[in-house]
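Hi there,

Here is the structure I promised to pass on. Please have it open while you read the notes below.

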Amino acid sequence: MSYFPQWRKQTTPGAIVAPDEYLPLGQSLLMGAQHVVAMFGATVLAPLLMGFDANLAILMSGIGTLIFFLFVKGRVPSYLGSSFAFIGGVVSVTGYVAGSGANPNIGVALGAIIMCGLVYTIIGIIVWAANTKGHASVWIEKLMPPVVTGAIVAVIGLNLAPIAAKGAMAGGSTFDALMAIMTILCVGGVAVFTKGSVQRLLILVGLIIAYVLYYVFTNVLGYGQPIDFSGIQQAAWFGLPTMSKPVFDLSAITIIVPVAVILVAENLGHIRAVSAMTGQDLDQYLGRAFVGDGVATMVSGAVGGTGVTTYAENIGVMAVTRVFSTLLFVVAAVFAIILGFSPKFGALIHSIPGPVLGGVSIVVFGLIAVAGARIWVINNVDFSDNKNLIVAAVTLIMGAGNFALEIGSFKLEGIGTATFGAIILYALLNRGKSSAN
């Protein structure tokens with residue numbers, strides 16, 4: 001068997017496109033562009049919240065996706081973008097205040113991100129080795145069964161919900177709220193009332209329509225805050241993003257390294273979600289996926305980029321479009337790399353009004369939460385079993401409520417506490433039930 005799949009061309013309109021199939025060139029380019037749009041809001045927002053360079057984050061997301069693609073032999077459709085799981089730890093070790101410009105203490109965060117990627121890679125190697133003996137799926141299933149992975153995936157979307165809502169209401173006006181709702185309707189309208197290629201590009205097309213409508217209402221009719229195009233005009237077409245050197249500090253490392261467990265759970269949940277949607281068993285690539293993600297995180301951190309993770313946003317797009325071709329992510333990665341070297345593109349993205357980006361984020365983050373629920377449905381999780389009910393209920397509320405836990409220098413927030421809580425709570429309740437039986 002060849003290392004990469006023998007991709008087949010899929011030309012049937014509206015048909016599901018499998019990971020080892022591809023669309024015609026024009027559709028592939030557009031679908032790849034849509035995946036860039038889907039990941040862009042979160043991939044840019046995360047570095048902005050941590051004081052990292054947004055253009056570098058875009059560049060490294062593309063490079064990281066190609067690294068992941070190589071490790072999984074081109075058989076797992078996923079895009080790697082900035083991980084929100086690092087935000088709490090980075091803010092804690094650097095003292096950064098969002099919106100205050102570049103992070104002056106970025107070095108200590110980068111060193112810790114690299115070490116986190118190393119631990120993640122080691123976990124991946126262990127799983128990879130266990131997979132070759134057929135044991136990995138057994139113990140992973142015990143630690144993270146569908147009720148746990150589904151809850152963790154859903155929590156990622158729910159935890160990000162306040163960010164989307166605040167972005168939509170950044171101006172605090174009724175007009176902003178109405179523009180966010182308009183954006184949601186644009187995306188929803190494209191999703192429901194169009195067919196074929198346009199429907200598959202619902203995020204991209206919906207965003208463009210909403211952007212144009214916002215321009216008409218503000219720049220033409222005089223309502224709300226108009227779009228400022230001066231930054232786009234002044235920005236250069238090509239330029240290097242700002243890079244930074246890592247500094248290895250033990251206290252910072254102890255705070256950020258535990259994020260590796262969250263990344264494992266995220267990646268596992270995402271792969272299970274894709275498996276459920278495609279009907280293919282991708283568990284055999286778990287170890288490879290963990291190693292690819294871990295190596296990509298180390299490479300990103302080494303030059304000043306954020307830690308990366310497989311993106312549920314893009315899984316949400318796949319769920320709606322039913323296009324799972326892995327080649328689309330190569331296209332998306334190349335787009336991201338090119339755009340990462342373009343300050344003008346960065347300025348264009350920054351010109352997207354908060355209500356429009358917030359409205360799109362509401363849709364995309366909602367799709368993440370639904371992808372978690374889909375894992376439960378596909379795997380027939382029995383919620384008449386109180387064990388499953390309690391695990392899911394507690395995990396969702398801890399994550400959505402951003403429940404934080406700090407013990408000495410060890411700190412977890414929202415997604416982290418929900419992830420560890422789900423794994424530990426399931427293990428304890430499952431053990432108790434086994435003992436009772």
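Predicted model: local features only at pLDDT ≥ 70, side-chain atom pairs only at ≥ 80, totals over all residues.

Residues are numbered from 1 along each chain as its sequence is written, and side-chain values use heavy atoms, with hydrogens and water left out.

Let's start with the charges. There are 2 salt bridges (a side-chain nitrogen of Lys or Arg within 4 Å of a carboxyl oxygen of Asp or Glu). Arg8 pairs with Asp20 at 3.0 Å, N to O. Arg8 sits in strand 1 (residues 8-9) and Asp20 in the loop between strand 1 and strand 2 (21-22), so this bridge ties together parts that are 12 residues apart in sequence. (Strands here are DSSP runs of E, at least two residues, and helices are runs of H or I, at least four, both numbered from the N terminus.) Arg8 also forms a salt bridge with Glu21, with the closest N and O atoms 3.1 Å apart. Glu21 is buried at 12% relative accessibility, whereas Arg8 is partly exposed at 41% (buried is under 20% relative accessible area, exposed over 50%, partly exposed in between, with a 1.4 Å probe and protein chains only).

Next, Asn103, in the loop between helix 3 (87-94) and helix 4 (106-132). Asn103 is buried, with a relative accessible area of 5%. A polar atom of its side chain lies 2.9 Å from the backbone oxygen of Met50.

Finally, the cavities. On a 1 Å grid over the protein atoms alone, a cavity is a set of points where a 1.4 Å probe fits but cannot get out, and lining residues have an atom within 4 Å of a point. The volume is the space filled by probe spheres set on the points, which are joined across faces, edges and corners. There are 4 cavities of 30 Å³ or more. The largest holds about 90 Å³ and has 14 lining residues, with Ile156, Glu266, Thr309, Tyr311 and Glu313 nearest its centre.

Happy browsing!

Conventions: Polar contact = N/O pair within 3.5 Å; in protein donor to acceptor, adjacent residues only side chain to side chain. 1 Å grid on protein atoms, 1.4 Å probe; cavity = no way out; pocket = protein on both sides within 12 Å on 5 of 7 lines; lining within 4 Å.
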